[in-house]
Amino acid sequence: MPFPIELAVDPVTLLVLAGVAFLAGFIDAIAGGGGLLTIPALLTAGLPPHLVLGTNKLCATFGSATASYTFYRRKLFEPRRWKNALLGTAVGAALGAIIAHWMPAHWLNQMLPAVVFGCGLYLLFGRTPDVQHAADAAIPRGRQWPQGLGLGFYDGVAGPGTGAFWTVSSLLLYPLDLVRASGVARTMNFVSNGVALAVFIIGGQVAWVLGISMGLALMGGAFFGARTAISGGAKLIRPVFICVVLALTARLAWQHWF
């Protein structure tokens, strides 16, 4: 049975969650990983795990739409070069969200903290490739299908760190610099968020008032974060990302493992 779409949340909790969402949007637009903030915050607020995933997709869609549009308007993402990745991401996200919809709640309760913690460790210690951008370099389309399907599926099932995984894998697979790879990541993240959100809406697993409130705050953070990323470049992106993931991994380790 789907969870109800109306959820009573006291004003203080709503304000705190909106503040977390603003910070998540800012960080996600710079380097990805915003879900590493919002999912634990929603779990801590006492939402059932399916409702956490659906509500998180709603607020994440607000932020990823804002950030992806900013990169597109600055000509840092060209959709025609990424058709296969866009389609693969949409298909993967739909499949992942359908599986998450039917997954038992106690499985998600056990899985989500471990996934967030594992992603935090990987992204903290993983080295971001140093790749120079070639403006007219060809983007291999054959690599886009498996990348889009895999990361879209992961975003549909869980999602934390998807944007950062897109950034790192795009740097490894294509001739992109960090800012342009971030543009690809933000756009693909928007596609997978939107498709997965549609599945969760059909299943009645979205807390609308909470999700929209957090989404508007996340949009504000993404608005400033995308511009900060574009102006600051790689020198700003990686240090901010490492600091945030370090704090998150320490918090999650204390809360869920000890």
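This is a predicted model: local features need pLDDT of at least 70, side-chain atom pairs count only at pLDDT 80 or more; totals for chains, interfaces and linings use all residues.
Residues are numbered from 1 along each chain as its sequence is written. Local features need pLDDT of at least 70 and side-chain atom pairs 80 or more, while totals for chains, interfaces and linings use all residues; side-chain values use heavy atoms, without hydrogens and water.

Select Lys57 and Asp155. They form a salt bridge, with the closest N and O atoms 2.6 Å apart (a salt bridge is a side-chain nitrogen of Lys or Arg within 4 Å of a carboxyl oxygen of Asp or Glu). Lys57 sits in helix H3 (residues 49–73) and Asp155 in helix H6, so the pair ties together parts 98 residues apart in sequence. Helices are DSSP runs (H or I, at least four residues), numbered from the N terminus. Lys57 is buried at 2% relative accessible area, and Asp155 is buried at 1%. Buried means under 20% relative accessible area, exposed over 50%, and partly exposed in between (1.4 Å probe, protein chains only).

Next, select Glu78, Arg80 and Arg81, which are linked in a network of salt bridges. Glu78 meets Arg80 at 3.1 Å, N to O, and Arg81 at 3.3 Å. Arg80 is exposed at 55%, whereas Arg81 is buried at 16%.

Now go to helix H7, residues 162–173. Ten of its twelve residues are buried, including Phe165 and Trp166.

Finish with Leu87, Val91, Leu95, Ile99, Trp145, Leu149 and Phe153, which make a nonpolar surface patch of about 580 Å². Patch residues have over 30% relative accessible area and no salt bridge; like charges are joined within 9 Å, nonpolar side chains (Val, Leu, Ile, Met, Phe, Trp, Tyr) within 5 Å. Accessible areas come from the Shrake-Rupley method with a 1.4 Å probe, and for residues only the protein chains shown count as cover. Helix H4 gives the largest share, four residues.

How values were computed. Helices (H or I, at least four residues) and strands (E, at least two) are DSSP runs, numbered from the N terminus. The expected span of a helix is 1.5 Å times one less than its number of residues.
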